[in-house]
Amino acid sequence: MKTRITELLGIRHPIIQGGMHYVGFAELAAAVSNAGGLGIITGLTQKTPELLAREIARAREMTDQPIGVNLTFLPTFASPPYPEYIRAIIEGGVTIVETAGRSPQAYMPALKEAGIKVIHKCTSVRHALKAEKIGCDAVSVDGFECGGHPGEDDIPNMILLPRAAEELTIPFVASGGMADARSLVAALALGADGMNMGTRFIATKEAPVHENVKQAIVAASELDTRLIMRRLTNTERVLANPAVDRIVEIEREKGPDLKIDDIHDLVAGVYPKVMIDGDMDAGAWSCGMVAGLIHDVPSCQELIDRIMSEAESLINARLAGMVAR
């Protein structure tokens, strides 16, 4: 399947594995890329630029296909050494970067000078248009269904994607609620050039996370996520667990007086405990509503092959059959 995103990134299938904290390691990125999608290493999971350079080198040993690196731009008071991370990306021969969080504008000159293609993750059309204006090559449009941070507009992809298609001239992929061939075909019909999957790729054989995490996703339904930190204007969709119930309770008790310190121990430093140790109740961790559509733990190759085969069948048989005369 050829789309603007496969042509831009040099990949066989219009499927991207989004950057995920303590999930986007070399093993998963290489497996996705070998299967014809775009695998992405999560940059800031690596605590130093030197460690990121090693992780990129590890991925290069496992695949000769394009890979990307995610860079999430955090508030300035917690700013990592981004120029050094970017240098590690460039020296590692990576030519695709997924940016998220705050605007990547300050770092665009260095990225573009190195010939790197930038895909910025956006939760609104206005932010996508800003990304286009500052020179991003593509955007990942993140609907309200997504795991992690959906923004504050609460616009689901059935509305957000066609609105993006009306306004953007650069390619974009659908993110949030993407899990299978139906997701891909729907995203293409709504104007996207491919899809970005996060939660779905956690539940794969190559995802280097504890088996408890994968089975929690398989067991979850579309009703099992919660939104936290709304009052802090930092909304996050997470999988329900006792720690999340406690966060919701604290938020209710504190009301408008809520401070991040009130829930700090339940949201900070959680990912190693969950993803590595398998402590599912350690705190809040990102998970999309799409968990309700995830029923197995295939390899990345099996998953992507299945998506592409079923997408072709949906387009050529079911949909074409509806308009056949």
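This is a predicted model: local features need pLDDT of at least 70, side-chain atom pairs count only at pLDDT 80 or more; totals for chains, interfaces and linings use all residues.

Q: Let us take helix 2. How many of its residues are buried?
A: Seven of the nine residues of helix 2 are buried, so this helix is largely enclosed by the rest of the structure. Buried means under 20% relative accessible area, exposed means over 50%, and partly exposed lies in between (1.4 Å probe, protein chains only). Helices are DSSP runs (H or I, at least four residues), as are strands (E, at least two), and both are numbered from the N terminus.

Q: Which residues are those?
A: The buried residues of helix 2 are Ala 26, Leu 28, Ala 29, Ala 30, Ala 31, Val 32 and Ser 33.

Q: And what do they pack against?
A: They pack against strand 1 (15–17), strand 2, helix 3, strand 3 (67–73), helix 9 (199–202) and helix 14 (300–323). Contact here means heavy atoms within 4.5 Å.

Q: How do helix 2 and helix 3 cross?
A: The axes of helix 2 (residues 26–34) and helix 3 (residues 49–62) come within 9 Å and cross at roughly 35°. The axes are lines fitted to C-alpha atoms, for helices over the stretch in contact, and angles run from 0 to 180 degrees between N-to-C directions.

Q: Is that crossing left-handed or right-handed?
A: The crossing of helix 2 and helix 3 is right-handed. A crossing is right-handed if the near helix is turned clockwise from the far one by less than a right angle, and left-handed if anticlockwise.

Q: Which residues meet there?
A: From helix 2, Ala 26, Glu 27, Ala 30 and Asn 34 meet Glu 55, Arg 58, Ala 59 and Met 62 of helix 3. By class, this contact has four nonpolar, one polar and three charged residues. Ala, Val, Leu, Ile, Met, Phe, Trp, Tyr, Cys and Pro count as nonpolar, Asp, Glu, Lys and Arg as charged, and the others, Gly among them, as polar.

Q: What follows helix 2?
A: Helix 2 is followed by Gly 36, whose phi is positive, near 105°.

Q: Which residues other than glycine have a positive phi?
A: Tyr 22 is one of them, with a phi of about 60°, and Met 229 is another, with a phi near 65°. Tyr 22 lies in the loop between strand 1 and helix 2 and counts as buried because its relative accessible area is 11%. Met 229 is in the loop between strand 9 (225–228) and strand 10 (236–239) and is likewise buried, at 4%.

Q: What does Thr 45 touch?
A: Not counting residues up to four places away in sequence, Thr 45 touches Met 20, His 21, Tyr 22 and Phe 25. Thr 45 sits in the loop between strand 2 (39–42) and helix 3.

Q: Changing topic, where is Val 290?
A: Val 290 is in the loop between helix 13 (271–276) and helix 14. At 6% relative accessibility, this residue counts as buried. Leaving aside residues up to four places away in sequence, Val 290 touches Gly 177, Met 178, Ala 179 and Thr 199.

Q: Finally, what is the volume of the second largest pocket?
A: The second largest pocket has a volume of about 260 Å³. On a 1 Å grid over the protein atoms alone, a pocket is an open set of points where a 1.4 Å probe fits, with protein on both sides within 12 Å along at least five of seven lines; lining residues have an atom within 4 Å of a point. Grid points are joined across faces, edges and corners, and a volume is the space filled by probe spheres set on the points.

Q: What lines the pocket?
A: The second largest pocket is lined by 16 residues, of which Glu 145, Gly 176, Gly 177, Met 178 and Leu 293 lie nearest its centre. Helix 7 (157–167) and helix 8 (181–189) are the elements that give two or more residues to this lining. By class, the lining has nine nonpolar, five polar and two charged residues.

Definitions and conventions
Residues are numbered from 1 along each chain as its sequence is written. Side-chain values use heavy atoms; hydrogens and water are left out.
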